[in-house]
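Here is a short briefing on one structure. Have the sequence and the model open as you read.

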Amino acid sequence: MSKPKIATASLAGCFGCHMSILDIDERILQVAELVQFDKSPVDDIKKFTGRCLVGLVEGGCATEENVHVLEEFRKHCDILILLGDCATMGGIPAMRNMVPLKECLEEAYLNGPTVYNPGRVIPNDPELPLNLDRVYPCHEVVKIDYVLPGCPPSADTIFQTLVALLTGKPLDLPYELIKYD
Amino acid sequence: MSDTVTVTIDGAQVKGRAGQTILQAAEAAGIYIPRLCAHNELSAHGSCRVCTVLVNGRPQAACTQPVADGMIIENNTEKLTNMRKAIVEMLFVEGNHFCMSCEKSGNCELQALAYRFGIAAPRYPYLFPKRDIDFSHPDIYIDRNRCVLCGRCVRASRETDKKVVFEFTGRGAHRRLGIDAAADLADTDAAVADKSVEVCPVGALMRKRVGYAVPVGQRKYDHKPIGSDIEAKRA
């Protein structure tokens, strides 16, 4: 029987949660025994090659592209797990949620104290994904099965969760492993 | 007449003194009742409702309700824990609690309650309200994004500092922490050594130039859940 597949993505995140995946160090060999990586920045596979057992999503939805990727993950993954505070509550990108999008763009491209933009152009190329009016936590966009909080969730949290899921054992994370920072 | 009263908390007999609140009697017996607005050095406020227990089947705030002989009290039950979790989750979504960049993280009582309850994420949608920050004072600041309206600073300012720097303004969803000045905290007689600054359970009323003084791993709630100091006293 072929190994189950796992996919990962970073939406509006900083890749810190992916760093934390790598931070499981040599235990990644144990994970590799249990699963095969599908679409993920870890192996640079860009498109889903088939049904995945687990999808790990870092970051919230700040652009329409984030929403598309998240919907793709929901479509292709049996179990969708949010990785980190940005996916869970928007995180640092969601600090713009208290300011209208227009004002955010004007501050970034026109009015900021260090801005050099003689053409006074706010980037609007069709190639660029459109910003959403605010940053949405992932569970407000699609159904989510599990949440691992943390900034980032520690390597131990990720490893224990993955192993428990893949071996069908119950998971009881100790106090130290559920943290918001 | 003896002033000793006996109550039952989750099936255990607890002796208290007349005049004590349920919270105080439980604490003396080494039983932790989760709380947020209550503080041992301040008068009771009864506003956060995290310490709600069932007394003879009826919900009561343990921080305001005095003990009476024969009370049957439920504290650590699934129903109450779920209700307390819901309160903490509501506090998280109705403010802007960015733990990842907050100086109070690791020493924050709201966060510590969420950790103790094992909350991975709130069940309610985030509101992302627009709240302001008062950075006018040379030594302290108010970040209303993080304020949970527990009223500790209001009481500490009155009762301990003998000033009236803080007061609530507005009602319901519009309630906010007001100050005794037309505009800025700098215009009040608030000072860095005030009790009101010390007792803030979250990162709303903070000392400047402290920042992230304690490394991750050595902060108050990094290894032990809030309330474990009380539970350690249990005979």
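What is the order of the strands in the open sheet of 3 strands in chain B? The order is β6-β7-β10, with antiparallel pairing. This is a predicted model, where local features need pLDDT of at least 70, side-chain atom pairs count only at pLDDT 80 or more, and totals for chains, interfaces and linings use all residues. Residues are numbered from 1 along each chain as its sequence is written, while chains are lettered from A and ligands numbered from 1 in the order in which they are written.

**The sheet**
- Strands are DSSP runs of E of at least two residues, numbered from the N terminus.
- β6 (133–134) and β10 (205–207) of chain B stand at the edges, each with a single partner strand, so one side of each has no neighbour in the sheet.
- β6(B) pairs with β7 (residues 140–143) of chain B in the antiparallel sense, over 2 bridges.
- Two strands pair if DSSP finds at least two bridges between them.
- B:Asp134 stands opposite B:Ile142 in β7(B).

**The domains of chain B**
- Chain B has domain 1 (4–76) and domain 2 (106–207), with bounds from an automatic or database domain assignment.
- Their centres, taken over C-alpha atoms, are 25 Å apart.
- In domain 1 of chain B, 10 residues are in contact with 12 residues of domain 2 of chain B.
- Contact means that C-beta atoms, placed from the backbone, lie within 7 Å.

**Chain B meets chain A**
- The contact takes 18 residues from chain B and 21 residues from chain A.

How values were computed:
Helix = DSSP H or I, 4+ residues; strand = E, 2+ residues; numbered from the N terminus. Contact = placed C-beta atoms within 7 Å.
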